[in-house]
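Student: Hi! Could you walk me through this structure?
Tutor: Happy to, let's take a look together.
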Amino acid sequence: MKWVAVYFSAIFFPAMALAGGAVGRTLVFPEETANTYVEMVPQKSMTMRAFTLCMRVATELKGEREVILFAYRTRYFDELNVWRELDGRLSFALSGEAAIFRVPEDLGALETHLCVVWDSSSGQSQLYVNGKKSLMKIYKKNHTVQSGGKVILGQDPDSYMGEFDANQSFTGEISDVNMWDYVLSPRLIQDLSEGKAVPRGNVFDWETVELKLNGNVHLVTYEL
Ligand code: CA
Ligand code: CA
């Protein structure tokens, strides 16, 4: 429903600008579908030897199925996927087997701040949940994330770009999706989780990234 984005950007942004307040925006996926997704247009090359990917996420889906949280698909590979697994664990996968993390805090209806950190030279891989760091795993040392694909929220593509499965789709709310092509320090990630100002993402900056809405997803803006 593209008109939703047009409506809000046309009506709400000027109103907020006049009031002088900072504006936040969030994506609401109200129902399980096999066709609703949001494409995020990268603001620099996706060729990466390291990254930090953060988002705020809330869902009422219980542990009955896998839930896709972020998908970067190139022609033949799921280049970077972030999942909530069937058993509630969180994982990310770089074109192949996933690094899976058993974290004590489940994703739920209250907003969770989630970051995924990876560095090719050391294989350093870890999650941060609400600013708290998981154990470190060594994963995909010397791997390079390739450019030339598409990043979407809401669905897991199994081809370029299709074969969506409603049983893996995301429902709930996602915001503050930021990505850096380097590893952020634990202190910066904690500040991020608390909403303090830190450098904006250079691959994705949620304040300025172009979002292309498809299907039943709503872009809602609000005063910060
Ligand atoms: Ca799939
Ligand atoms: Ca897939």
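Tutor: We'll talk about metal sites and then salt bridges. This is a predicted model, where local features need pLDDT of at least 70, side-chain atom pairs count only at pLDDT 80 or more, and totals for chains, interfaces and linings use all residues. Residues are numbered from 1 along each chain as its sequence is written, chains are lettered from A and ligands numbered from 1 in the order in which they are written, and side-chain values use heavy atoms, with hydrogens and water left out.
Student: Which residues coordinate the calcium ion (ligand 1)?
Tutor: Asp156 (OD), Asp158 (OD), Asp158 (OD) and Gln168 (OE1), at 2.2 to 2.7 Å. Donors are N, O and S atoms within 2.8 Å of the metal (3.2 Å for Na, K and Ca); water is not among the atoms, so sites may look incomplete.
Student: How far apart are ligand 1 and ligand 2?
Tutor: These two calcium ions are 4.1 Å apart, and aspartate 156 coordinates both.
Student: Is aspartate 156 buried or exposed?
Tutor: Aspartate 156 is buried, at 3% relative accessibility. Buried means under 20% relative accessible area, exposed over 50%, partly exposed in between (1.4 Å probe, protein chains only). Aspartate 158 is partly exposed, at 38%.
Student: New topic: how many salt bridges are there in the whole structure?
Tutor: The search finds 10, a salt bridge being a side-chain nitrogen of Lys or Arg within 4 Å of a carboxyl oxygen of Asp or Glu.
Student: What does lysine 196 pair with?
Tutor: Lysine 196 pairs with aspartate 191, with their closest N and O atoms 3.9 Å apart. Shared partners join Asp191, Glu194 and Lys196 into one salt-bridge network.
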